[in-house]
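Subject: Handover of a structure and notes on its features

Dear colleague,

Please find the structure below, followed by an account of what was found in it. I would be grateful if you read the notes with the model open beside them.

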Amino acid sequence: MTTILPLKGRMAWQALEAHYAKVQKLHLRQFFGDDPIRGERMTTEAVGIYFDYSKHRITDETLTLLLQLAAESGLRSRIDAMFRGDKINVTEKRAVLHVALRAPKGQAIVVDGEDVVPGVHAVLDKMADFSTQVRNGEWKGYTGKRIRNIVNIGIGGSDLGPVMAYEALRHYSQRDLTFRFISNIDGTDLIEATHDLDAEETLFIIASKTFTTLETMTNAHTARDWLLKTLNHPDAVARHFVAVSTNVEEVAQFGIDTANMFEFWDWVGGRYSMDSAIGLSTMIAIGSEAFRAMLDGFHQMDEHFRTAPFDRNLPVLMGLLALWYNNFFDVQTMAVLPYEQYLKRFPAYLQQLTMESNGKHVTRDGTEVVYQTGPIYWGEPGTNGQHSFYQLIHQGTKLIPCDFIGFTQPLNPLGHHHDLLLANMFAQTEALAFGKTPQEVQAENIPAWLVPHQTFEGNRPSSTILLERLTPAALGKLVALYEHSVFTQGAIWDIDSFDQWGVELGKVLAARIIPELETEGKYPLKHDSSTNTLIRRYRQSKFR
């Protein structure tokens, strides 16, 4: 077994440090000037995705060293271990098999001696049967009315994935059905989601693996109360609620028929679960055939990641570029900028995927890291962002690498809108890379005092990701692309990208504070002086 050195002890890392010192000041203008075909050469294409990484501050040597770092970090063996079903989530002793959720029938993936693929397809078939009943009106509410409203109640991966997928694939959705999503424990979320719905025509999907998640179950019980105010009989719950869970006892106690419980597994992390039963609302919206097309898109990217040489491997290249800026340029944030309105929630979805996965301060064996791990991901769709934060990206003092995502064919052709949209996207990548020199500004007869204000430094890196159309399969490919890019970075940093202990402490403390807020002075306060004062102030307002 090959021993893998700590990250900073690896030869490629040390070579990259020396290399960075030589190239950090070089400008993209020089790179393109010295290599007229750089924009054709530094691209790769796979599974219908064209990836242009030529506008990054890298040379061929940079790429060679980054690929060497991946090899020295054991990335290939880590990929193989994940696809084999090894328990690579070391702190929870679990396999990490979101790839099994989109494995085709006949492929075998074994966990603890059991092939999990048949079970995955059994759940998919059950989801398909139920979705078809809802979509064609066979599934009736308690009073015999057709279901027309579907409300998903979850949080984290049980909400962000379904919301993002619904918005992304709304073009393919059944338009006589209304979809709402509730996640925030703030009562406003539930009130606004349900205020104009008819209880007799509303179906709730409660998505919680344990069926004990505080926010989800609080909202679920309130939704049940809302329903019963109208339908006034506990038997109505079984016709208006279904569950995505593994806890049969809690589901039954809630009043849901366990025949309408859709299973998933402990080897599926929440932020990797949108293609599991968590995607039930997605399947109802777009139909089982389109959902399976999305799964096929995921699988195509999985196989590309698993088999492609690293120098042509889209997720590996994306992950290595992110690491290059994070660890050598000390970049703090990455922007994801889809030039497609349907992808308006994609950056928010990626925030959980990237930051919950790689926001870690220790390695897999518990050793404190001595380098930066997960950067902050954020973004908005173009062209909206151009009129808000692009000013900072172009002329601010922070370096922010950007991913631009576009589609060559629009789903809604309307005049020359799509030409304008893509023209803006291509222009932004050009402007970021090359900027505008003082000499170019002066040549436009701009007053001398204005020249510094209209100068663009350029040398701002970006990737361009192009697909033909935003189809269900294309969405699957995009999500899997980022999933595996996150995996690549985590493997090189030697962190566990699949646990999330950082979300636990706040939950524990909140459980302690809840009774202190619900009674006036009964509980002695034993927090710090700030927290104690805030609790007293809240109670004074609540009980006055």
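A residue is called buried if its relative accessible area is under 20%, exposed if it is over 50%, and partly exposed in between, using a 1.4 Å probe and protein chains only. This is a predicted model, in which local features need pLDDT of at least 70 and side-chain atom pairs count only at pLDDT 80 or more, while totals for chains, interfaces and linings use all residues. Residues are numbered from 1 along each chain as its sequence is written, and side-chain values use heavy atoms, with hydrogens and water left out.

Loops

With a relative accessible area of 65%, N232 is exposed. N232 sits in the loop between α9 (214-231) and α10 (237-240); here helices (H or I, at least four residues) and strands (E, at least two) are DSSP runs, numbered from the N terminus. The phi angle of N232 is near 60 degrees, a positive value in a residue other than glycine. N445 is not a glycine, yet its phi is positive, at about 60 degrees. N445 belongs to the loop between α18 (438-442) and α19 (451-454), and N445 is exposed, with a relative accessible area of 71%.

In the loop between β11 (376-378) and α16 (390-395) lies T383. The peptide bond from G382 to T383 is cis, with omega near 15 degrees.

The open sheet

Strands of a sheet pair through backbone hydrogen bonds, either parallel or antiparallel. Two strands are said to pair if DSSP finds at least two bridges between them. In this model, six strands form an open sheet with mixed pairing, in the order β1-β2-β13-β12-β10-β11. Its edge strands, β1 (43-46) and β11, each pair on one side only. On average, neighbouring strands of this sheet are turned by 15 degrees against each other, direction ignored. Within the sheet, β12 (residues 402-407) and β13 (residues 462-467) run parallel and are joined by six bridges; S462 in β13 is the bridge partner of C402.

Which strands does α14 lie across? They are β1, β2 (49-52), β10 (333-338), β11, β12 and β13, and α14 runs at about 30 degrees to β2. Angles run from 0 to 180 degrees between N-to-C directions, and axes are lines fitted to C-alpha atoms, for helices over the stretch in contact. Helix α17 lies across β12 and β13, running at about 155 degrees to β12.

A433 lies in α17 (residues 417-434). At 0% relative accessibility, A433 counts as buried. Leaving aside neighbours within four places in sequence, A433 is in contact (heavy atoms within 4.5 Å) with H27, L28, K55, G458, N459 and R460. The C-alpha atoms of A433 and V248 are separated by 55 Å, and these residues are 185 apart along the chain.

Strand β8

Strand β8 (residues 241-244) is covered on both faces: F241 and A243 on one side, and V242 and V244 on the other, are all buried. Strand β7 (residues 202-207) runs parallel to β8 and is joined to it by four bridges, with I206 opposite A243. β8 also pairs in the parallel sense with β9 (residues 261-262), over two bridges, where A243 stands opposite M261.

Helix packing

The axes of α1 (residues 11-23) and α14 (residues 314-328) come within 11 Å and cross at roughly 75 degrees. That makes α1 roughly perpendicular to α14; angles under 35 degrees count as roughly parallel, over 145 as roughly antiparallel, 65 to 115 as roughly perpendicular and the rest as oblique. The contact is made by W13, L16, E17, H19, Y20 and V23 of α1 and W324, N327 and F328 of α14.

Helices α5 (residues 75-84) and α20 (residues 472-493) pack with their axes 10 Å apart, at an angle of about 125 degrees. The two helices, α5 and α20, are therefore oblique to each other. Their contact involves L75, R78, I79 and M82 of α5 and H484, F487, T488 and A491 of α20.

Apart from neighbours within four places in sequence, Q489 is in contact with G319, A322, N358, P375 and Y377.

Yours sincerely
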